[in-house]
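Please read the points below with the model open.

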Amino acid sequence: MNEKLRYLPAVHKVQQNNQFKNIAHQVGNERTVTSWLREEMDALRQILLTNEESQLETTQQMEQFVLDQLQKKLEKFRNGNMRRIINATGTILHTNFGRATMSESAIEKIIMAARHYTNLEYNIESGERGSRHSLVEDFIIQSTGAEAAMVVNNNAAAVFFVLKAFAEGKEVIVSRGQLVEIGGSFRISKIMEESGAKLVEVGTTNKTHKYDYEDAISEKTAMVMKVHTSNFKTIGFTAEVSLKELSDVAKNNKSDILVYEDLGSGAIYDFKQHGVGEEPTVKEVLKNGADIVSFSGDKLLGGPQAGIIAGKKSLIDHLKKHQLARVLRVDKMTLAALEETFSTYVKGEHLIKQIPTVQVILESKESITERVRQFIVDLPLRKWEATEMDDVSMIGGGTMPEVSLPTTVLSVNTGPAPAQLVLNKLRTTSNPAIAARLKDGKILFDFRTVSDSESTYIKHELLKLENEFNTDETV
Ligand SMILES: *Cc1c(COP(=O)(O)O)cnc(C)c1O
């Protein structure tokens, strides 16, 4: 038995400490804080049992240790689990950071839908029950040229739904070069298995020809599926069959074979016109002969998490009536944000650029450089050094991996203070947390993904940390 255990403070004694009372008061519930205290006492017991070198000797030291732990718990409790992050990584659609940020008008509409009753499934004209699909369908149609559209929870759900509804027990032909895995957890082959459709792989990883598809078509073929390989690119000796050719193959062989393209990102705005990537717009894909397409709401569209399914009216009608439509349906706040996002695309060019995702992708290097320079002028560092540096931003979210956008980053040399340590502090002690990158011992902040108001936090935090580390040094 460890001697030190004899000095463990009693729970009821700690409860009488003013610091404990103060924490309990701030939480507003003493029972919660008492349960935290019990957890911390257990943890302390473990430390005493396993850590010979522990400096905790007296009851008073132990009591203070436990109270300090409770204070930390209080901070966490106050901040909540979901916290704001300032994304200075330069990755625009960062999947770990929740992908797209939304336009002000979309945010306002979400608040409206959350705060008030709405006509979610109510036809105001007739005073009768309505359909939630109709809230966004018109705008999707107008911005994609599709005959009809509907929305599900995310694009993974959309892929599953389309396969299940149109190809269960039948065959789906996919090129080997397109059997992708997205984000480590989404595999076309697995989703296909879950849906009950049978995958027929054709071609090789680098080459698939028109005749490969033609040879694979049988009585059991329900669909030819094209997967937009958005998160990797095969280069060099490659061949892919265009959607137009696929559509011809399907139509020539058997009129009821569907052509489906899982677009992944799904651009409504034509980024190609600005020399950014080669992503076809949803409109172009539908024009080229896809019967049905699906794409994400929170990638290039710049809206909420959702899966948009668009295409032939007869097919969409079938999906709307399917039992799974109810299982995969989205909530009112998602619909509110989607309606607002799609309608912005319909309203015109100058408004489209107010969608943050579009705006951030299109911001010129010159404009970013100017913001970084102004920031450096306004940053009165004493020991550390801030300079500008050429770098590239990524789109992220598995979107346009081949595209790197030229940018200017703020590079901070923290001198004797270890950059990794400063980087960790920016993330863990700052609120909002600040996520930046480390390169060659310097901390890089890409201002492409940082707004002017957010850069104020970065400034404040850098000055604070510089001061903290300098003080540490002199101790
Ligand atoms: C991102 C992506 C998905 C998954 O979309 P989520 O909206 O994340 O569910 C599916 N297919 C492709 C090709 C993708 O790029």
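Which helix gives the largest share of the lining of the largest pocket?

1. Basis. The model is predicted, local features need pLDDT of at least 70, side-chain atom pairs count only at pLDDT 80 or more, and totals for chains, interfaces and linings use all residues. Residues are numbered from 1 along each chain as its sequence is written, and side-chain values use heavy atoms, with hydrogens and water left out.

2. The largest pocket. H16 gives the largest share of the lining, 4 residues. The pocket holds about 1,200 Å³ of space. Its lining has 35 residues, and Arg99, Ala100, Thr101, Met102 and Glu454 are the closest to the centre. Two or more lining residues come from each of strand S1 (85-87), helix H5 (104-115), helix H16 (356-362) and helix H19 (452-474). Helices (H or I, at least four residues) and strands (E, at least two) are DSSP runs numbered from the N terminus. A pocket is an open set of points on a 1 Å grid over the protein atoms alone, with protein on both sides within 12 Å along at least five of seven lines; lining residues have an atom within 4 Å of a point.

3. Make-up of that lining. By class there are 12 nonpolar, 13 polar and 10 charged residues. Asp, Glu, Lys and Arg count as charged, Ala, Val, Leu, Ile, Met, Phe, Trp, Tyr, Cys and Pro as nonpolar, and the others, Gly among them, as polar. Domain 2 (85-95 + 360-470) and domain 3 (103-354) each supply at least three lining residues; the bounds come from an automatic or database domain assignment.

4. Arginine 99. Arginine 99 has a positive phi of about 50° although it is not a glycine.

5. The cavity. The whole structure has 1 cavity of 30 Å³ or more, a cavity being a set of grid points where a 1.4 Å probe fits but cannot get out. The largest cavity has a volume of about 40 Å³, the space filled by probe spheres set on the points. Arg132, His133, Val151, Arg329, Val330 and Leu335 line the cavity.

6. Two loops. Proline 432 lies in the loop between helix H18 (419-428) and strand S15 (433-435), and the peptide bond from asparagine 431 to proline 432 is cis, with omega near 0°. Aspartate 440 lies in the loop between strand S16 (437-439) and strand S17 (442-446), and aspartate 440 has a positive phi of about 50°.
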